[in-house]
Amino acid sequence: MSFDVEAIRREFPALHQEVHGRPLVYLDSAASSMKPEAVIEALTRFYRRDYSNVHRGVHALSQRATEAFEGARKAVAAFLSAGEDEVVFTRGTTEALNLVAQAWGGKVLGPGDEVVLSEMEHHSQIVPWQMACERHGATLRVLRIDERGAIAEGEIERKIGPRTKVVAIVHTSNALGTVNDVRRIAEVTRAVSKDAVVVVDGAQATPHGPIDPRALGADFFAFSGHKMFAPTGIGVLWGKRERLAEMPPWQGGGDMIRSVSFEGTTYADPPSRFEAGTPAIGEAIGLGAAVRWMMGLDWAAVADHEDALLAYGHARLSEVKGLRLTGTAERKKAVMAFAIDGVHPHDLGTLVDLEGIAVRVGHHCAEPVMKRFGVPATTRASLALYSTRAEIDRLVQAIDKAVAILR
Ligand code: PMP
């Protein structure tokens, strides 16, 4: 198989529109990706034909809906080379990480214990673990990053130790693009603390192909559907079977129980134990369609396309006078974040929008990264498999025009 970007683009209706009278250039896929016809059709089919609540229903529509919903779990499990019982549906990465921080954190953390995370974490990893540490008297330790945006030399060995109970690490940083060596971090963790778990934020990893979290050395792996061509409101917490079995529930309600009485309640096995209430049925079915669609692609060819585009983007952006890239790590994916001397990112974002170009400006929910690089905000152009060189050329042209106005 090979990769034809124009053929892929034809599958994404939203890419083909004008914004402010100019053809749209969508360089904000790290915030959320566009959706292919396969996903839109799966959603429409469900709502037009198969719609019903899932589980426990004896009628035909409920059985159809349950089949489609559990079929989505099966598809996600295949995408992760995992078991279906290891796939917990959540609202997204944020909810998945809060689940682990509350349920696992509540089980294992106490005074003197340490949670290690990196300086490049998204707020959705930092804040839940900070809250868990405050609640249980544990301490947060931070792996500092270097000037290129990679974890600094020696930090992993220095900070992860026998007191470590949790290592919370982002696979691919949304603010920098840095890809962390999760496997090595997991190996170091296992060597020094036998009961520590590795909790991976995979939100920016899964849009770039199937992933095997167990082979990565993760105990838990969280991601969001909406960044990987699926609807909003659905995500996944993958947990190693043996970890999920040990983890207490977090939210109580329907579907997560085995039996309820006023004398006491017993809980369902995973994944149901962590899925209280009516789930996001249509959204999960949409995620199933997205991963099936993704698994039909040649990911080696997609990676070649995306990596060549990133290198091209770096080269083109470096031509802009006064532009400084934040995040130039050797292992990097799909994100180009930068600051330009004398130009406020919000002004830049507004002017390039008038040219039909969507980029994101701000702290990208990674305020410690902004602090590390001494900037209040950056402009971020992010790529997906449907991005093109011509779009990067349009971006650079628009930046040049904006800078001439703003300086
Ligand atoms: N982690 C990373 C690296 C992200 O990029 C994001 C989304 N910006 C999140 C976590 C949170 O994802 P969500 O808002 O979908 O829960």
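Q: What span should the 16 residues of helix 4 (residues 93-108) have at 1.5 Å a residue?
A: Take 1.5 Å times one less than the number of residues. Helix 4 should therefore span 22 Å. Its end C-alpha atoms are 21 Å apart, which agrees. Helices (H or I, at least four residues) and strands (E, at least two) are DSSP runs, numbered from the N terminus. This is a predicted model, in which local features need pLDDT of at least 70, side-chain atom pairs count only at pLDDT 80 or more, and totals for chains, interfaces and linings use all residues. Residues are numbered from 1 along each chain as its sequence is written, and side-chain values use heavy atoms, leaving out hydrogens and water.

Q: Which residues in helix 4 are buried?
A: Buried means under 20% relative accessible area, exposed over 50%, partly exposed in between (1.4 Å probe, protein chains only). In helix 4 the buried set is T93, E95, A96, L97, N98, L99, V100, A101, A103, W104 and G105.

Q: Where is the peptide bond cis, with omega near 0 degrees?
A: Most peptide bonds are trans, and most residues other than glycine have a negative phi. Here the bond from P270 to P271 is cis. P271 sits in the loop between strand 12 (264-267) and helix 10 (281-295). D255, not a glycine, has a positive phi of about 80 degrees. H364, also not a glycine, has one of about 55 degrees.

Q: Is H364 buried or exposed?
A: H364 is buried, because its relative accessible area is 7%. Its loop runs between strand 16 (360-362) and helix 13 (367-373). D255 counts as partly exposed because its relative accessibility is 22%.

Q: How much space lies in the largest pocket?
A: On a 1 Å grid over the protein atoms alone, a pocket is an open set of points where a 1.4 Å probe fits, with protein on both sides within 12 Å along at least five of seven lines; lining residues have an atom within 4 Å of a point. The largest pocket holds about 410 Å³. It has 19 lining residues, with A150, I151, D181, R184 and R331 closest to its centre. Helix 6 gives the largest share, three residues. Domain 1 (5-29 + 298-406) and domain 2 (41-295) both contribute to the lining, so the pocket lies between them. Those bounds come from an automatic or database domain assignment.

Q: Which residues are closest to the centre of the second largest pocket?
A: This pocket has about 310 Å³ of space. Of its 24 lining residues, H122, N174, K227, H364 and C365 are closest to the centre. Helix 4 and strand 16 each give two or more residues to this lining.

Conventions: Grid points are joined across faces, edges and corners, and a volume is the space filled by probe spheres set on the points.
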